[in-house]
Amino acid sequence: MAATRVGTFEMRPGAKRKGLHPVLRSVLRKLGLVGREEDKLAGYLALLKTAPKLLKLVPGSGARDLRHWLKVYAYWNAGGKRNVVEMIKYIAGEVLGVRQGSGGEIVQVPNVGLVHPEWKGHFFEHPSEYVAWYEGRFPERKGWSRVGVLLYRKHVVSELGYIDNLIEWFEEARLVPVPVFITGVEAHIVVRDFLTSTEEERRRGGGERLYGSFRKGKAARVDAVVSTIGFPLVGGPAGSMAGGRNADVGQVILRQLNVPYLVAAPLLIQDLKSWEKNGVAGLQSVVLYSLPELDGAIDTVCIGGLVGEDIFLIRDRVQRLTGRLNKWIALRKKPNSEKKIAIVIYGFPPSIGATGTAALLNVPKSLASMLRRLKAEGYDVGDGDQLSAEQLLTLVKEKDQVMQGGKLNAASAREALQQTTTVPSSDLKRWMSAADTERIEKSWNADMGSSNNIKTFADRHLLGGLRLGNVWIGVQPPLGIVGDPMRMMFDRDLTPHPQYAAFYRWIELGLMADAAIHVGTHGTYEWLPGNPLGNSRDSWSDIFIGDLPNLYVYAANNPSEASLAKRRGYATIISHNVPPYGRAALYGQLEQLKSLIWEFNESMQSAGALERRKEIRIAIEDKLLTSGLNVDLGIDLDKAETIDFIADVSTYLKTLESRLFSSGLHVLGRAPDPGEAVGFVEALLGNDPELIPEGEATALAQSIVASVMDRAEFDAMRDWPDLSASAFKDLELVTSAREVVEKLMETEKELDNMIRGLNGEFIEALPGGDVLRDGAGVLPTGSNIHALDPYRLPSQVAYATGRAIAERVIQVHRDANNGEYPETIAVPLWGLDNIKTKGESVGIVLGLLGAEPVVDGTGRVVRFELMDLERLGRPRVDVLMSLSGIFRDSFEHVVFLLDDVCRRAADSGEPVEQNFIKKHAESVSGEDGDEVDSAARLFSNPPADYGSMVSEQVAESSWDDGAELAGTFVKRNAYVYGRGRNGQRSEATLKKVLSTTARVVQQIDSVEYGLSDIQEYYANTGALLKAARVENEGARVGASIVLRLELRTRLLNPEWARRMLANGSGGAFEVSTRMTALVGWGGTAGFGDDFVFEQAAERYVLDERNRDVIRKASPEAYRYVLPRERAWVGA
């Protein structure tokens, strides 16, 4: 209809007339339909019912043409066969003049109304009328909970049968559906003005003025809201064009209503067969997940889809929806003192001190804070609020370690079994379906209760678990087996082992928990086999979490993996802050080098200091060699000119000195103290001397913090400078930093929203991201974080940044290779990095290929267009893209566009010497043709599977050389992706592209996560580099990574070590993981600089204090790390 023109009137984008027709605007204003910005679309639709009649009174052909357009649209919008027939008659008679007469009256159906199968053909005008009828018709249901259900009007008008089924199945679950149909754009008006809640009624009763135009006497109270439409709450399908423009308004409405808001819809642009095979894909995933999550939607369930032209519901999916609704609503009604809460922490990999650890979070101290807060809110926590953090962890470990190595750790079996939670295999079978039981028993070659199973004794599964009143704290079981960590992941048909199943089924059906809380980034249940997106009844994460409300404490800067937990694990995220930042500074030999360089520069001012300069040069060279800095900088001391290399060293030392690192671990709900807040602000201010002179940043940061925090509470702040007296007070950067400090002071919301979640309340959504990059926009923490709209990746800024990086990488390669261009560069694409940077790595790929994004009128990226070679000014570089599982699943649209641009480049008419992707595609020989997809460039793990498994091999020491790790990587990543290529395995294709790879580029934009912090970096980037070297038969393959610089500012840095080890067992484990990362980088990338291993050993083995701290804090981590360190120093 937008493209229809009638006479002089047209509605299409780009028409001469901008905005509304003046007559149309006048009518809207007269009708009172022009008001709030978010209501305009609904106003336009309401106008269609009235404006044609009013416009008859307006003279002129323009008004007549507009009236015809509106009348035709009114027929079309009303829907139904009769209206379509009458529309055609109207066009023929009134517009074309080819027949006598006009169309008949429009059969009107309200734009918004309510419907129920018990009263066919009748539409209720408003919810209050519907509820009065319902309670009169079904008086026995007055005590049932009510759920507002948003339906598509066109499906109601078309009398689609699935709506009756949905209503019937809600009622079977003892829920009263309040089924409101809308055209698609009025959802927010319905929720805002026609639905209310107990809390809203209380607030209005107290005289509080709330947002919206509440329709007293027409609204109905509900306990939850379900949208079967998806899209944003404000604007629906039309609102999606703005990419979350009105998400803030949607959240105001939902926060005010303060009940759970779920999305549960049939797939309307995807059939059931494709969902069962591949999961929810493409635009459908944006409609159901990405856009509603901007509003704070939770627990998305796919309840059906297309079979041919018809929509069918899947009964067990609707039952999952109603089951979860009942559990969320029950949280609002049950007293806190009676609620049972299961808290899940992690302990993988086992036996190396990982129990009670998580990325960036001090789990023991966070547990202690959680228990104290639960106690204050009236929960029964036994004596848990009196236990220290380490006491808590010790008790949890004791329960979890009742059985180790297949043996009970107690004097008798009876004593051991009394110390731990146990589940008889008969109970587990009763809690699992027969089909799921059969799957597990087949995979593990044993009966559910066999003692050969993991942590199973005498037909009982041992779960561990510490009971504190109504709170149970348990350690999530490992997925694999010690010595065979890859068993779970290499076989897609393999299932979780029986004890893992018993753990989760007992929480819901044995403990009868009211809610679960997963603590920290991250666990494993959400990564289990099943649909990559859109759980089916066969998805293990769906089976295990069941109907249980699930809060998940997650790092705020990791929205990519948090999204996976939300979508596959029904998690409501409670984000937590990152640790405060610190600057690396210089230490030991680095500090001595800085002093020597200062002396050398001083000697240059004296004409008679030649001998002294020689002595200083010798001392500098000695420090460079012993510290390994010559390796970092690639300095050949036999050839380098003194002045040149000293200048390079001086610059590098400044980089090291100013580099940021995460200072320790965060404690849930704890706001930074003044010193830590200064660390955040100094990081935000940066180190640009032209903006803030060197030496003044700390004082400025102190003044900013002191302007927000109360000086009287902190003695350290009494003498800090006053911001009002600062020459920099009006800088935009200072204003932004002050806003960040204000938001950091709200960190208590992490615990507040935990409590809100346990009360079944709405949790506000915010984008996940990086405080340094995104500022106050990602604060305060405690929010239900979301990612971004994948159709807007990369952003313009990210593309420009990525393209610039691509050109620098090419130039670095040419400088090192006599001006030759690299023919292929490998670029890992991670969900984490691309969400944080809005697509910089994608920008790198496009820059290398010589392509750019094409954006449509709504701001969405619809195509990647190849630049012409003349404009590019160099050859197109071939790109191997190694996709993380999250990137693959979250950005399918981008994957398709990248595949498309690669294939167009390979098929272009350009000369091969100017187009390396074409050169390599054409080089595929006839004998390889059947095995090699010549233009495939995107590779990842098997569909619905995650990880290269290299890190598991390294952790278990189950490998002999780097080539074996490379082989594991190739086996796990030889699956081709793109349009029509959903994970077909082609090891020959991957090896072919690897054989031309000249360089690997890993773009990381994070202070918190570095190459040595996350095991998957060496397991993917390092293993990719090793695989390229293997396929290049030993030829040099370069790498653009900054591992040495990172190690100097973190693992080898005494200040980093001091702050990290102050965090007890969690800090000790962080040290141990970085030791493992050194081994991993050595095995994959051949990283083996003696100075790194020697200095690591010096810091953590030979330093008696640090060694004792690790040993006491975490004996397991100490036992795991010590053999590696001793091997490095020959002890």
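The questions and answers below concern a predicted model.

User: Is lysine 836 buried or exposed?
Analyst: Lysine 836 lies in helix 35, which spans residues 831-837. Buried means under 20% relative accessible area. Lysine 836 has a relative accessibility of 1%, so it counts as buried.

User: Which residue's side chain has a polar contact with the side chain of lysine 836?
Analyst: Alanine 787 is 49 residues from lysine 836 in sequence and 8.6 Å away in space, C-alpha to C-alpha. The polar contact joins the side chain of lysine 836 to that of another residue, at 3.3 Å. That residue is aspartate 770.

User: How many of the ten residues of helix 30 are buried?
Analyst: Helix 30 covers residues 697-706 and is mostly covered. Its buried residues include Leu700, Ile704 and Val705. Among what covers the buried residues are helix 29 (674-685) and helix 31 (732-744).

User: Which residue is joined to proline 794 by a cis peptide bond?
Analyst: Most peptide bonds are trans. Proline 794 sits in the loop between helix 33 (771-774) and helix 34 (796-816). The cis bond there has an omega of about 0°, and the residue joined to proline 794 is leucine 793.

Key. Residues are numbered from 1 along each chain as its sequence is written. This is a predicted model: local features need pLDDT of at least 70, side-chain atom pairs count only at pLDDT 80 or more; totals for chains, interfaces and linings use all residues. Side-chain values use heavy atoms; hydrogens and water are left out. Buried means under 20% relative accessible area, exposed over 50%, partly exposed in between (1.4 Å probe, protein chains only). Helices (H or I, at least four residues) and strands (E, at least two) are DSSP runs, numbered from the N terminus. Contact means heavy atoms within 4.5 Å. A polar contact is a pair of N or O atoms within 3.5 Å; within protein, one must be able to donate a hydrogen and the other to accept it, and residues adjacent in sequence count only if both atoms are side-chain atoms.
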